[in-house]
Every structure is written in structure tokens, then in C-alpha cells.
Amino acid sequence: MAIVIMAFLSIAYTPHDPNRMNIEQRFQSPGSAHLLGTDQYGRDILSRVMIGAVNSLIVGWVAVGIGMGFGVLLGSLAAFWRGWKDEGVMRLVDTLYGFPAVLSAILITSIFGPGIINSMVAIGIFNIPIFARLTRGASLSMWQRDFVTSARAVGQSNQAIIWHTILPNILSPLIVQGTVQLAIAILAEAALSYLGLGTQPPHASWGRMLSEAQTFMEISPWLAIFPGLAIAWAVLGFNLLGDGLRDLLDPKLTEARP
Amino acid sequence: MFAFLCQRILILIATLLLVSGMIFIVLQVIPGDPAQIILGIQATPENLQELRHKLGLDQPLAVQYWNWLSALVRGDFGRSITYEVPISTLIASRLPVTIPLAILAIFFAVIFSIPLGIYAAVHRNQPGDYGVMIFSQIGLAIPAFWAGILFILFFAVHLQWFSAGGAKSWMETPLGALKSLLLPALSLGLIRAAVLARLTRSCMLEALGEDYIRTARSKGLAETMVVYKHALRNALIPVVTIVGLQMGELLAGAIVIENVFNLPGLGRLIFLAIGQRDLPVVQGVSLLIAFFIVMVNFGVDVIYGVVDPRLRVGERKEIVI
């Protein structure tokens, strides 16, 4: 939550201009003028960490949105079709599963070049099979339920049943998985930016900041500490949110609770 | 069992064809004319035509794919544009870094996680259990490359126990080579340990709640025997599966870690190839990693089918961590 607040706050306010260079102020230790110190160009690290949160969250949300959108569509159709069409879709999904986020990003950026949009697409593609499998598994059991049979009996179309009956009933696991994937997407974005394939300079990104920090960490170790802490904090937060939502939304866990 | 195996092999072949087809389209068709990429913008139309003919690019797409695939089966990944050597030679020269790195990382993950997971399950809801769970949550949140940077900062820059990067040759100094991989493997392995510790704990808790454990205890077996001989043996099946599945992820993770530690492995090779626009190398290494992941998935499916006959007719068992 703190990361989300920080991201929104940074749109309106940062202590300093995150991209403004000031050579006289470079490699400043954390202090009252610059709470987290400055980097090799004299840029304020706190401001850059704050702006980095916006990038990470945008990439995470868009990537999970792409994965959820296409994954839910493919999973729902596979569960509805069954038979060879289902098998075909799931083999395609398995194929995508063979490409971890970093690998799919490498393939995409090697053709279209590095950049924030391409990293969103790459991480999004990595998310598709996860949501497709989850949706298919959950939808398959839903199609056997009595309320779906009732919906059919009253003449609802298959499209309406999927949209109004199946999807609302499988929303809980999708939301939980979405939260977990958001954490994974933030990690993937940081890794891609570290490699120089994600967010491009001068825009701040936590992974890019760590990559730049590695050269100077002997003289300014804090350069390598704060962006990493921000990543860990954000990922920990979304993982805990996912765990909490799972506890809250999973009926089995709710029943087991005293 | 035979029918199950045949079905899995057919699925494997279909998946491998899809993976190779996808990489072929992504890296051979979408980027445009490879002849133009190789010869550059100064090339004359005659030279371009000659190279297209030499590379077989003037043939229909399906024929090109078939030729490419047949060459792959023979171990011919093509030639690197930058290094002007066969890609299989380049890959072979990088494997002595990447494979030991992945094995060492898994070794670290297992030796940390399994004892921690068992301890947490046996001491459920006690301070030790909470400690392990906190460790695993933090481990899941830390990017492996940041852990690597922190290790360099502490062990290489501050304590000067290790070098900050680079790899030694296994032929010249085996111990030096091992030492150069320790920090990268620890960075990759500790994060995996967080996942495996959670999984081991959850599987052990499930196993410890089973009827056969109650029976073993009622027979008067020592608690150590109950935990290590009966519960652990059953709990380890999904853990071993996940260890196998993580090998694929580790190869992908190695791309980043090798860059943190400047190790001349597959990850560094593919990363440099992107910068050099050496698409055949990107294609070869991606294909190798993707094939490896598909093969591991296949192995896991088959082992599961052998271990648990109920799964031969259904889906792979979902493991909840």
C-alpha cells in the first residue's frame, strides 16, 4: 500500500526533480538535503525511487492485464470447447509456458528493441499461460454445476453463461493469482531494466538504478541498497496481499478458520 | 502405462514443434530479411540475392522451416554473424559455466530449504516456524540479481573473500572455477530455497496429518523415524518435482545473474548477442533454453504418471505452496 501511495504521490510531488543532474552534488551520502543520497550525476535517489515506483506499477498492472485478458479468454474457451480444440489451446498455452519472462522479453526486444512497452508485452505474454490454466481448471468444474444447467435450461446463450455465470464464480482465484503475478511482474520488470531491456534512461526504474549502481557501489554503497529495498518492499507487499486475499476468498480456508 | 507414455511423447513432439515454430517465426520471419541484416544497408541487390539463395531464403517458408528443423536435429544451429563460428561451438564453450552454475544453485536451494521446511513443519506455530516463514517471504521478495549485488558488496568489496566477477577455467583451476561460481549460485539458490522451504513445510504438514502417520505413532515408533522415514519420504515427491521444474527457470535466471557477475555463460552470450543484433545466436540459445524447459516438464509428467497411476488419466497434480 505504501508503495502505491508513494507512486501516486510522486506524480504530483517529489523532493527534487528526479532527472535533474547536479555534478557538484554527486555521490552525496544520505542526509538532510538528500534523504537517500545522490547518484553519479547528482540526481536525488529518493525522488528517483519514488518515480521508479510508478514505472514498476504501470508495467506490472499492464502486464498482468494482458496476461489476464488473453489468459481468461483462452482458458474459458478451452473449458467450453473441450475435445481437440481444448487440447490445441492448452498445447499452445504449454508452449508459451516454455518461455520464462526474461526469455520472452529477450526474443521481443531483440526484434523490436528495448523499451517499457516491449517489456510490458513480454511480461504479459509470460502471464497468459498462468491465467489460461487457472481459468480452464476452474471453469471446467463450473460447467458441471447445477446453476449452469439451470442457466442453460432458461435459454441463456453460451456467451452469456460464460460472461455472467462462470466468470463471476471464478473471480476470487483470478484476483488472488493477479496479485501474486503483479509481484512477479515487478521482479521481472526490474530484471529486464537491469539488463537494459526495459525502461530506458533518463527515466528512472529500480532495475536500471541497480545496474548503474553496480559500477559505483564501492564508493557509494547506498546506490545499490535503496532501489533494491524498494523492489523487495513492493514484492513483499503484493505477496502478502495475495496471501491475505487467498485466506479471505478461499472457501476451504474460510471454513477451516475457527 | 504404455498408452500414457505414447500420449505424452506425442504431446512432447507437438509442443517441441510449436516451440521451434514460434521461435522460427519470431526470429526468422518477423525481423525482415536476414540477408539485409548480415550484409548491411550498403549491400547491392545482386549480393543480397546471392546470399538469399545461399541461405535458402528464396524458398517457401515451410521449406525454410523444414530445412532449419532438419539442421537442428543434426545439431547444426547455424553460424554466428558476429563471431563467424558455428553456434553449437559457441554454446558448447559456454555450457561449462551455465550448467555447473544451475546445478550448484539447486544444491544450495535444497540444502537450505529442506531442513528448514522440515523444522518449520515439526515446530508448527512456534517461533522457529514463524522464523522460517519470514525467511521465505523475504526470500521470495528479493530479486536474485539484487542478492548478487549485495553479495559482491559484502563478500567481494568489503571482505575481499571472492572476486567481484568473472569465471576461471575448470581445466586450469577447478577450485578457482568452483569458487568463482559460489556467489552467483548462492544468489540464485537462496531465492529458490525460499520457495522450496515453503513447499517442504506445506507437504510435510500434509503428510504428518495422514492416517499412516497416526498408525506409525500408535505403534510406538520413535518421532524421528515417523518424521524422517514415513512423512518425509512421502512429502518429498512434490518437492523433487518442483526442484526439477526450477532447473528451467534457473537457466532463465542465469541470464541475469551471469551479467551481474560477468560470467561467460549462455546468459551472457545471449545478452551480448542482442546488443550485436546476432539473431541466429539469440535464436539458438533461446531454443536450447525453451527445449530444456519443455523436456523437464515432460520428464515431470512421466515421473508423476509412474509414481501415481491415478494421474495417468488426468492432469498433472497442482501443487499449492
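Predicted model: local features only at pLDDT ≥ 70, side-chain atom pairs only at ≥ 80, totals over all residues.
1. Helix H9 (residues 206–216) of chain A packs on helix H10 (residues 226–249) of chain A at an angle of about 150°, and their axes are 8 Å apart. Angles over 145 degrees count as roughly antiparallel, so H9(A) and H10(A) are roughly antiparallel to each other. The crossing of H9(A) past H10(A) is left-handed.

2. If you want to find that contact on screen, look for A:Trp206, A:Met209 and A:Leu210 on the H9(A) side. Their partners in H10(A) are A:Pro227, A:Gly228, A:Ala230 and A:Ile231. By class, the contact of H9(A) with H10(A) has six nonpolar residues, one polar and no charged.

3. Now for H4(A) and H8(A). The axes of H4(A) and H8(A) come within 10 Å and cross at roughly 45°, which makes H4(A) oblique to H8(A). This time the crossing, that of H4(A) and H8(A), is right-handed. The contact of H4(A) with H8(A) is made of six nonpolar residues, with no polar and no charged ones.

4. Stepping back to the whole of chain A: there are 11 helices and zero strands. The C-alpha trace of chain A spans about 75 × 50 × 30 Å along its principal axes.

5. Chain B has 12 helices and zero strands. Taken along the principal axes, the C-alpha atoms of chain B fill a box of roughly 85 × 60 × 35 Å.

6. Have a look at helix H10 (residues 223–260) of chain B. Following H10(B) comes B:Asn262, whose phi is positive, near 55°.

7. H10(B) also has a partner, helix H5 (residues 87–122) of chain B; their axes come within 10 Å and cross at roughly 145°. H5(B) passes H10(B) in a right-handed crossing. On the H5(B) side, the contact residues are B:Thr98, B:Leu101, B:Ala102, B:Ala105, B:Ile106, B:Val110, B:Ile118 and B:Val122. They meet residues of H10(B) including B:Val227, B:Val243, B:Gln246 and B:Leu250. By class, the contact of H5(B) with H10(B) has 14 nonpolar residues, two polar and no charged.

8. Last, the interface. In this model, 31 residues of chain A are in contact with 36 residues of chain B. On the side of chain A that touches chain B, at least two residues each come from helix H3 (83–97), helix H4 (101–112), helix H8 (171–195), H9 and H10 of chain A. Which helix gives the largest share of that side? H4(A) does, with seven residues. By class, the side of chain A that touches chain B has 21 nonpolar, seven polar and three charged residues.

Key: Residues numbered from 1 in each chain as written. Chains lettered and ligands numbered in written order. Axes fitted to C-alpha atoms, helices over the stretch in contact; angles between N-to-C directions. Helix = DSSP H or I, 4+ residues; strand = E, 2+ residues; numbered from the N terminus. Parallel < 35°, antiparallel > 145°, perpendicular 65-115°, else oblique. Left-handed = near helix turned anticlockwise from the far one by under 90°. Contact = placed C-beta atoms within 7 Å. Nonpolar A, V, L, I, M, F, W, Y, C, P; charged D, E, K, R; others polar.
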